[in-house]
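The tour below goes from one selection to the next.

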Amino acid sequence: MTAVAPAGVRFHHGSLVIPAGAVHTTPLGYDRDSVPIGAPLPLAASAELVHRLSGCGEVVVAFEGKLGDTLLALSGVRAVLDWLRLRSVRVAVRAVGPYAGLIARTGLITKPQPTPPSGWRAVIGDRAGIEAHGSEAVVSLVLDPAAPPCWSSDGRAHPDLPTRHYLALERRLGIRLPDTAPFAPTLATGPNNLVEELRSVGWLGGLTVAAITATSWPERKDYTAQRYIELVEHIAEAQQAQARLLLIGGNPGDGLRIAAKAPRRHVQALRIDGMPADGLADLFPHCHLIVGNDTGLTHLAAMARRRDGSPPPVIGLYSRHSHSKWRTGLPHHHAVATALSDRMHQGDLCPVRDAIAPDTNIHMDAFPPAALAQVGLELLNGVRP
């Protein structure tokens, strides 16, 4: 169930089950739970796609666009590789482009890779990646976030993008694939020099909160450092603890920049700009709580896992776009959303693509820091808000 947060805003737990009748969906066309893994679906497969993939000796994973779209689309890569394994088609798999290192952390790219491939090449990625690397491919699969609908089956809706991508390809390939929700892969962590340095000076000890300010649309989607500081002050005061706030933002192309902000009574804040996504994947699991808008680094934070497998709670802030579509579907990835975001979720709409509310004045000031702090406190205390 959902719980009321600030006025006009609702909290949505990451493990919430959404009934099919509550939102606009497209029927999957079969009861997935009743079809054995590897069995043909009661739908015709795409014969040409199956033929070409079956003859491939190499799969190239190529994403060149936005980080968030890439991360949420990796379940589509998983679907193709799951199908190839079920069909016993042996292929070499490699990732190219700016996200190759992150993709390798999912375990989708097996090592060591097979010997140089024979047969055709398939390229899976976004449009920019396929344009850059698909000239010699016999088949190219574009994982466009606007393409797969919100599926429904077994009486429930499946709105998150990783599930949409996986099930869309399962239908086209015509075989019940093995994966089950949540479909988003997770990212393995490893040693990191900056993380060790922060730990050595006490920045990762005690209560540590990461706040994501990086966004492609700062005038509408940046919650701002000041609001994040107020939020963490409320949390620290309630817990009678000194909190450390990591303000994450910036473009990695500008280089790493770290600066301490003036300390508050209960909060010490450190601004980290330009840290590569690979490094942030190592940093996020050391935090106790992560808050961010619906941007790629928030998805990254949700997918990065601790070595013991227990992830910190992640809260996404959704003022304009659907809070259910633009999430990983992982149970610890929660949402706080405005009424407009709820309507986009219910109708499976996009305010920009569908020109529903492109000029709305609903921005990030819809989320009062004190009310968000209460949600964060309950998650930190293991209570479902």
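In which loop is the place of Arg-327? Select Arg-327: the loop lies between strand E15 (314-318) and strand E16 (333-338); strands (E, at least two residues) and helices (H or I, at least four) are DSSP runs, numbered from the N terminus. This is a predicted model, in which local features need pLDDT of at least 70 and side-chain atom pairs count only at pLDDT 80 or more, while totals for chains, interfaces and linings use all residues. Residues are numbered from 1 along each chain as its sequence is written, and side-chain values use heavy atoms, leaving out hydrogens and water.

Stay on Arg-327. This residue is buried (under 20% relative accessible area, with a 1.4 Å probe and protein chains only). Arg-327 has no salt bridge (a side-chain nitrogen of Lys or Arg within 4 Å of a carboxyl oxygen of Asp or Glu). Asp-342, the nearest side chain of opposite charge, is 7.8 Å away; Lys and Arg count as positive, Asp and Glu as negative, and His and the chain ends are not counted. Beyond four places in sequence, the contacts of Arg-327 include His-12, Asp-160 and Tyr-318 (heavy atoms within 4.5 Å).

Next, select helix H12 (residues 369-380). Its buried residues include Pro-369, Leu-372 and Val-375. Among the elements covering the buried residues of H12 are helix H8 (225-239), E15 and E16. After H12 comes Gly-382, with a positive phi near 75 degrees.

Last, select Cys-56, which is buried at 4% relative accessibility, and Cys-287, also buried, at 0%.

Terms used: Buried means under 20% relative accessible area, exposed over 50%, partly exposed in between (1.4 Å probe, protein chains only). The expected span of a helix is 1.5 Å times one less than its number of residues.
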